[in-house]
Amino acid sequence: RAEIQMHYKQLRVWNLKLSDAGIYTCEHGPYKVSTSLHIFNLTISLDGHFLQNEVPELILMHNSPNPLLDLSITLFDSNNNRVTPELQNKTHQRYIMNLKKLEARDSGTWVCQLHSDSPLINQNISFAVKVLGFQNPDLERKYAAVDSTVILSWRLNSQKIKWKEGFTGQLNWKQQESANTHELLDFNVTAQGQLYETKKSNNLLFEIPERKPGSTIEVKLPKVHFNYSGQYQCQLEYQGRRAQSTIELVVMKVSAHPAGPLSRGANMTLTCQVSGPLPPNAYLLWERVNGTKMDSKNSKQHEVKLEVNISAAGLWSCHLIEGSDRKISLHYHVEEASVWINYVIIGASIGGSLLAFALGCLCIASGISWHRRRQRAKRMAQARQYLLENKTCQCQQ
């Protein structure tokens, strides 16, 4: 593994090993020159192939002729950001360090910078880190209106980092944390990077879009129902390890009671409801388009249902606001009853009142007549009784 180049007075050594460290001396006549050779070996766990949220372990081995080598280690990630490792173990010849939890954007070439003042050492060791994961946020929330079309998408970075080894995964859905899990589809990626999906469940009427960018998992809900809400979790597995990304679907609907046109002087209750809990900075808002501040109402914190009693027709809107962003809006057009309908209603009310008055009068008159007939019958009975008593008295005389 070594050769001497006499013309340049050089010693060339390749395929270095830790045991090659030491002091090398070159002698030429009365002259003698020595130099020290320090050997470093940096290894990374799992051969540099990780899933997101995993923590790599770095092992730095070094052999030096100077046993009191004071070495400082600095790490830079693929975005040239300084990373402070957690030193797990340190001996004379070995450093064991844990890095941070990895994200998909951490894929690339990292640099380990070694420095020592005595002897003077400035050495950079580069190493590759590949992180297979999702480019989605850790928890993504998506809002949809009832009967609308929704596409849920998970973007993998397997093609971006040229991940050539196959992996598998699945997409699951559950409405609540404690609810049963429904497996929607399975997928696998070949060594050539081709993605194949298999539909697994008919619990949900969903579709798998055909046209989509590579390494993207998608499901399409053509007509969202209120009970389609919940957590859609995409999991991928590689060599017995798993990574996952969750999209929480929140569905909103509006309704009115009664549902018919609003008559003059009548009231109507509008209801706006979402299918799941909202974050602390989110709330519902009812307002009438082109109305006043009196025509608006906010929900309280953690309320998922907001009702408003109205007496004015027009276009009413329910907004779901998170922070300062309006995430989704649903409209409900309250129609005003036609004039002839109002007249019919007024006439019916008046007619009903007159009819009730007439029936009352009739009842009173009937009651009086019945009372009079009863009094007359009572007097006639008394008269007959009186006559019978008088006749009896005359016969006795």
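Modeller: An open sheet of five strands runs in the order 6-13-12-8-9, with mixed pairing. Strands pair if DSSP finds at least two bridges between them. Strands (E, at least two residues) and helices (H or I, at least four) are DSSP runs, numbered from the N terminus.

Biologist: Which strands stand at the edges?

Modeller: Strand 6 (49–51) and strand 9 (82–83). Each has a single partner strand, so one side of each is left without a neighbour in the sheet.

Biologist: Before we go on, what are the ground rules here?

Modeller: This is a predicted model, so local features need pLDDT of at least 70 and side-chain atom pairs count only at pLDDT 80 or more, while totals for chains, interfaces and linings use all residues. Residues are numbered from 1 along each chain as its sequence is written, and side-chain values use heavy atoms, with hydrogens and water left out.

Biologist: Back to the sheet. How many bridges join strand 12 to strand 13?

Modeller: Nine, between residues 108–116 and residues 121–132. The two strands run antiparallel. In that pair, Val111 of strand 12 has Ser126 in strand 13 as its bridge partner.

Biologist: How much of the contact count comes from residues 24 or more positions apart?

Modeller: They account for 56% of the contacts with a separation of 6 or more. Contact means heavy atoms within 4.5 Å.

Biologist: New topic. What volume does the largest pocket have?

Modeller: About 450 Å³. Of its 17 lining residues, the closest to the centre are Lys9, Gln10, Leu11, Tyr24 and Cys26. On a 1 Å grid over the protein atoms alone, a pocket is an open set of points where a 1.4 Å probe fits, with protein on both sides within 12 Å along at least five of seven lines; lining residues have an atom within 4 Å of a point. The volume is the space filled by probe spheres set on the points, which are joined across faces, edges and corners.

Biologist: Which strands supply at least two residues of that lining?

Modeller: Strand 2 (10–13), strand 3 (22–28) and strand 4 (31–37) each do.

Biologist: And the second largest pocket, how much space lies there?

Modeller: About 230 Å³. There, 14 residues form the lining, and Gln175, Gln176, Gly230, Gly276 and Pro277 are the closest to the centre. Strand 21 gives the most, with three residues.

Biologist: Now Cys318. Where is it found?

Modeller: In strand 26 (residues 314–322). Cys318 counts as buried because its relative accessibility is 0%. Not counting residues up to four places away in sequence, Cys318 touches Met252, Val254, Cys272, Leu285, Trp286, Ile328, Ser329 and Leu330.

Biologist: What about Asp295, buried or exposed?

Modeller: Buried, at 17% relative accessibility. Asp295 lies in the loop between strand 23 (282–288) and strand 24 (296–298).

Biologist: What does the Asp295 side chain join in a polar contact?

Modeller: The side chain of Arg288, at 3.0 Å. A polar contact is a pair of N or O atoms within 3.5 Å; within protein, one must be able to donate a hydrogen and the other to accept it, and residues adjacent in sequence count only if both atoms are side-chain atoms. Leaving aside neighbours within four places in sequence, Asp295 is also in contact with Trp286, Glu287 and Trp316, among others.

Terms used. Buried means under 20% relative accessible area, exposed over 50%, partly exposed in between (1.4 Å probe, protein chains only).
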